[in-house]
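Here is a walk through one protein model. Keep the structure in view and follow along.

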Amino acid sequence: MKFRGARVVLEALKNDGVKAIFGFPGGAVMELYDEVLSAVDAGNVRHVLCRHEQGVAHAADGYYRALGEVGVGFSTSGPGGTNLLTGMATAFLDSSACLYVSGQVPTSMMGTDAFQEADMFGLTLNVTKHNYKVTDVQKLPYVMKEALAIAQTGRPGPVFIDLPRDVQQKEVEFDPNMTVNVKANNNSLDTTKIKEAVKMLLQAERPAILAGGGVLMSGAWNELVQLAELLMAPVSTTLVAKGVISEMHPLAMGMAGFHGRRTANFPLINSDVLLAVGCRFSDRVTAWQQSVWSKTQIIHVDIDFAEIEKNLPVDMYILGDAKKVLTEMLNQISNVEMNGKKLEWSNKVKELKEMCDCNLEFEDVPIKPQRVMRELSKVLSNYKRHVVTTEVGQNQIFAGHFLKSTHARSFLTSGGLGTMGFGFPAAIGAKVAMQVSGQPDAPVVDVAGDGSLMMVCQEFATAVENEIPVVIALLNNRWLGMVKQWQKLFFGARYSATNLGQVPDFVKLAEAFGAKGEVVVRPGEIREALERAIKEGVPYVVDIKTDPEEDILPMVPPPKGLNEMIGGRCPPELVERCG
Ligand SMILES: Cc1ncc(C[n+]2csc(CCOP(=O)(O)OP(=O)(O)O)c2C)c(N)n1
Ligand SMILES: [Mg+2]
């Protein structure tokens with residue numbers, strides 16, 4: 001069939017099963033948006049008009065993270081494209097499969113500093129897995145197919161297409177069954193190495209597992225839990241992988257890293273064999289002293305060879321998709337005898353976990369953020385499927401520590417780039433994902449900070465207008481709390497530019513957009529307010545006045561290692577045992 005370029009984009013998306021597009025139009029995508037209208041009218045796809053292209057980018061990312069299907073975002077050229085960049089970098093650092101398409105000035109005008117011309121190809125080079133500038137419509141069908149495949153094959157990542165206006169207008173033959181050849185390094189597994197790794201883990205006295213985002217992306221969470229149970233190995237997760245093992249599971253130790261839990265860090269550096277799956281040993285996880293990791297023999301499983309020993313030396317690596325590798329490990333596990341001492345270790349870490357499951361029933365006013373997480377966990381435990389997103393700052397780390405995530409793809413956060421303003425649009429994307437996949441009643445809650453929410457509060461309009469009932473659990477401390485915490489701890493409490501002063505009345509703000517909200521000042525009111533917000537079925541902000549003096553601790557102070565955490569409310573016997 002012959003189509004104009006703009007239609008080819010929509011046809012290729014339909015062909016790939018894409019059910020939603022997030023976008024914001026403009027002069028350079030007039031044809032593309034003309035085709036969006038036809039596709040929407042034909043019932044092929046839903047289009048969500050966001051109110052800022054950063055919102056577009058994060059919403060597409062949130063959609064992917066919640067559903068595991070490619071997130072798609074459209075923008076116009078120039079400022080539309082540059083507004084996407086932060087979201088693209090966010091998706092890139094957390095390996096989200098997204099496809100972003102921007103319009104571009106006509107090919108005849110490229111390089112003339114034409115109106116709304118920005119070199120998006122150049123600008124996106126370093127924040128995408130792959131990018132294209134399509135100047136010949138004949139190439140567009142293949143590019144569309146290949147771009148979708150690259151985003152979703154192997155280690156996922158965002159792909160960008162720069163699409164000049166005349167390429168959208170010209171016609172080309174489109175064959176929906178055209179095949180593309182995208183190679184991923186997940187084809188042949190090194191079974192000998194896997195056998196050896198299984199042997200090491202079975203013979204270990206103190207095995208441990210560190211699970212990263214790769215476990216989510218490959219859908220390997222069941223295999224992970226099965227392996228952990230067979231090995232009696234505690235599982236710590238990175239921040240983005242929260243939920244790959246239910247945090248109610250006795251072997252789930254929580255979020256690791258320099259802002260992580262003592263109980264999650266302890267097994268990483270005190271195990272004799274550590275299996276790290278789908279993680280990249282980012283500086284957030286390793287902290288600043290790598291030598292403390294040298295006591296353990298590390299087996300690193302990753303799909304991306306570039307991650308092997310990029311950040312931390314390892315003793316063995318296995319290249320491959322996490323699900324395939326873990327499945328093969330499970331196949332081989334009966335071959336070797338188990339080291340009997342495992343039970344002792346397993347009981348010890350379980351004991352630590354229980355010790356660390358501290359009382360969060362704070363009655364204080366202003367409210368302690370820990371109490372909010374406790375109440376939110378309780379409310380969400382009534383819903384088998386739910387999604388929590390976070391902004392960035394203390395709100396994110398309080399959620400990382402104290403929210404009990406119970407299933408995969410239920411905790412979406414900007415781990416790599418740490419982008420304030422991610423949570424709200426990502427929640428919108430996640431809720432759309434729930435809606436288009438037949439789970440419209442799954443609650444989606446953004447754990448927000450006041451500073452972060454102000455960066456993207458125009459998206460209330462998106463949520464209201466498109467009937468996307470997300471809930472914002474706002475930890476309103478009137479500060480850029482995390483930066484303030486660092487100033488308190490490491491800069492002699494010299495608070496430079498972190499007091500937000502007069503923050504808006506967030507309930508009125510929500511109401512101005514047609515959303516709803518309420519203020520919560522007492523801990524006893526949190527749960528009912530959250531329940532009301534979820535049941536209301538409209539975008540809803542629960543504006544919780546929290547204590548600006550409550551820091552999120554423990555943490556590793558720079559330039560220390562994971563064994564030197566400071567602060568926190570952990571019981572002294574736990575501190576003594578974990579360090
Ligand atoms: C876009 C962006 N700008 C600046 C920062 C640096 N930063 C990290 S946390 C933080 C404070 C966030 O404040 P708020 O959203 O109120 O969250 P809180 O820490 O108070 O919970 C800042 C400014 C960032 N992460 N992202
Ligand atoms: Mg704040």
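Begin with a pair of helices. Helix 8 and helix 13 pass each other in a right-handed crossing. Bear in mind that this model is predicted. Two packed helices are described by the angle between their axes and the distance between the axes. For helix 8 (residues 191-203) and helix 13 (residues 322-332), the axes come within 9 Å and cross at roughly 60 degrees.

Which residues make the contact? Helix 8 supplies Thr191, Ile194, Lys195, Ala197 and Val198. Helix 13 supplies Val325, Glu328, Met329 and Gln332. Sorted by class, the residues of this contact are five nonpolar, two polar and two charged.

Now turn to ligand 1. How many residues surround ligand 1? The count is 19, and the closest are Gly393, Gly449, Gly451, Ser452 and Gly481. The shell has 10 polar residues, seven nonpolar ones and two charged ones.

The buried residues include Gln394, Ile397, Phe398, His401 and Phe402. What do they pack against? Strand 11 (252-255), strand 15 (387-390), strand 17 (444-449) and strand 18 (471-476) are among the partners. Helix 15 (369-380) and helix 20 are partners too.

Terms used. Residues numbered from 1 in each chain as written. Chains lettered and ligands numbered in written order. Predicted model: local features only at pLDDT ≥ 70, side-chain atom pairs only at ≥ 80, totals over all residues. Near = placed C-beta within 6 Å. Nonpolar A, V, L, I, M, F, W, Y, C, P; charged D, E, K, R; others polar. Axes fitted to C-alpha atoms, helices over the stretch in contact; angles between N-to-C directions. Helix = DSSP H or I, 4+ residues; strand = E, 2+ residues; numbered from the N terminus. Left-handed = near helix turned anticlockwise from the far one by under 90°. Contact = placed C-beta atoms within 7 Å. Buried ≥ 20, exposed ≤ 12 C-beta atoms within 10 Å, placed from the backbone.
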